[in-house]
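Let's take a look at a protein together and see how its pieces pack. Keep the 3D view open as you read.

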Amino acid sequence: MPSYRTAPRSRPGPRRRSLLAGATGVASAALLAGCSDSADSAADERPSAARRLRAAAAKDSRELLRQYDAVLAAHPSLDKRLGPLRGEVKRHAEAFEKSTDDASPSPAASGTAAGSPPKAPSPSVAPDPDAAVRDLAKAERELADRRGRTLLDAPAEEGRLLASVAAAGAAHAYLLTETENDK
């Protein structure tokens, strides 16, 4: 009976994966060391872009909150239905107003805390409660869509927050367009 020799399962010396992993690590370290100045300048720009994004998102949430308040003032009978959604919109505005860098409030938060922000005209409200709710649903949907587009270019933390709030806004729009029988 002939005897066939099989090749040894492991060859002596480093494996291909080990060499690739080592080379990748060295290349990464070289890139990081060589690009430290540009990385620092990009990091310097990112917080201000993040603050601007959060301030704009807080402003949008505050505007939506004003719309809820106007509808509730015109149609107090909708309080049970709109109150919880209004509360969520208020929490969204507060979440965006928190600073990512330190405990100091963002410009949007400090303007509301000072108690003297310029008073914008109250949003117009449809005289029919159902039409007013449809208008709120439309505003929620448009804002959720706008936030969905914005999050594509947002920094990671702000992108996650925008995605979460956009999803909540889409859910609010759905809940606002539900018929009374579905409740």
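Here is a short tour, from the overall fold down to one histidine.

## Before we start

This is a predicted model, in which local features need pLDDT of at least 70, side-chain atom pairs count only at pLDDT 80 or more, and totals for chains, interfaces and linings use all residues. Residues are numbered from 1 along each chain as its sequence is written, and side-chain values use heavy atoms, leaving out hydrogens and water.

## The overall fold

The protein chain has 6 helices and 0 strands. Helices here are DSSP runs (H or I, at least four residues), strands are E runs of at least two, and both are numbered from the N terminus.

Of the 183 residues in the protein chain, 27% are buried. Buried means under 20% relative accessible area, exposed over 50%, and partly exposed in between, with a 1.4 Å probe and protein chains only. Now for contacts, meaning heavy atoms within 4.5 Å: among those in the protein chain between residues at least 6 apart in sequence, 77% join residues at least 24 apart.

## Two helices side by side

Find helix α3 (residues 79-97) and helix α6 (residues 156-177): their axes come within 11 Å and cross at roughly 165°. Axes are lines fitted to C-alpha atoms, for helices over the stretch in contact, and angles run from 0 to 180 degrees between N-to-C directions. That crossing makes α3 roughly antiparallel to α6, a label for angles over 145 degrees.

The residues making this contact include Leu 85 and His 92 of α3, and Ala 168 and His 172 of α6. By class, the contact of α3 with α6 has 11 nonpolar, 3 polar and 2 charged residues. Ala, Val, Leu, Ile, Met, Phe, Trp, Tyr, Cys and Pro count as nonpolar, Asp, Glu, Lys and Arg as charged, and the others, Gly among them, as polar.

## The nonpolar cores

A nonpolar core is a set of buried Ala, Val, Leu, Ile, Met, Phe, Trp, Tyr and Cys residues joined through side-chain atoms within 4.5 Å. The largest one has 18 residues, and Leu 64 and Tyr 68 are among those touching the most other members. Helix α5 (129-150) is one of the elements giving two or more residues to this core, and the largest share, 7 residues, comes from α5.

A second, separate core of 8 residues includes Phe 96 and Val 165.

## A histidine in a loop

Is His 75 buried or exposed? His 75 sits in the loop between α2 and α3, and it counts as buried because its relative accessibility is 8%. Leaving aside neighbours within four places in sequence, His 75 is in contact with residues including Val 125, Pro 127 and Ala 132.

Methods. Parallel < 35°, antiparallel > 145°, perpendicular 65-115°, else oblique.
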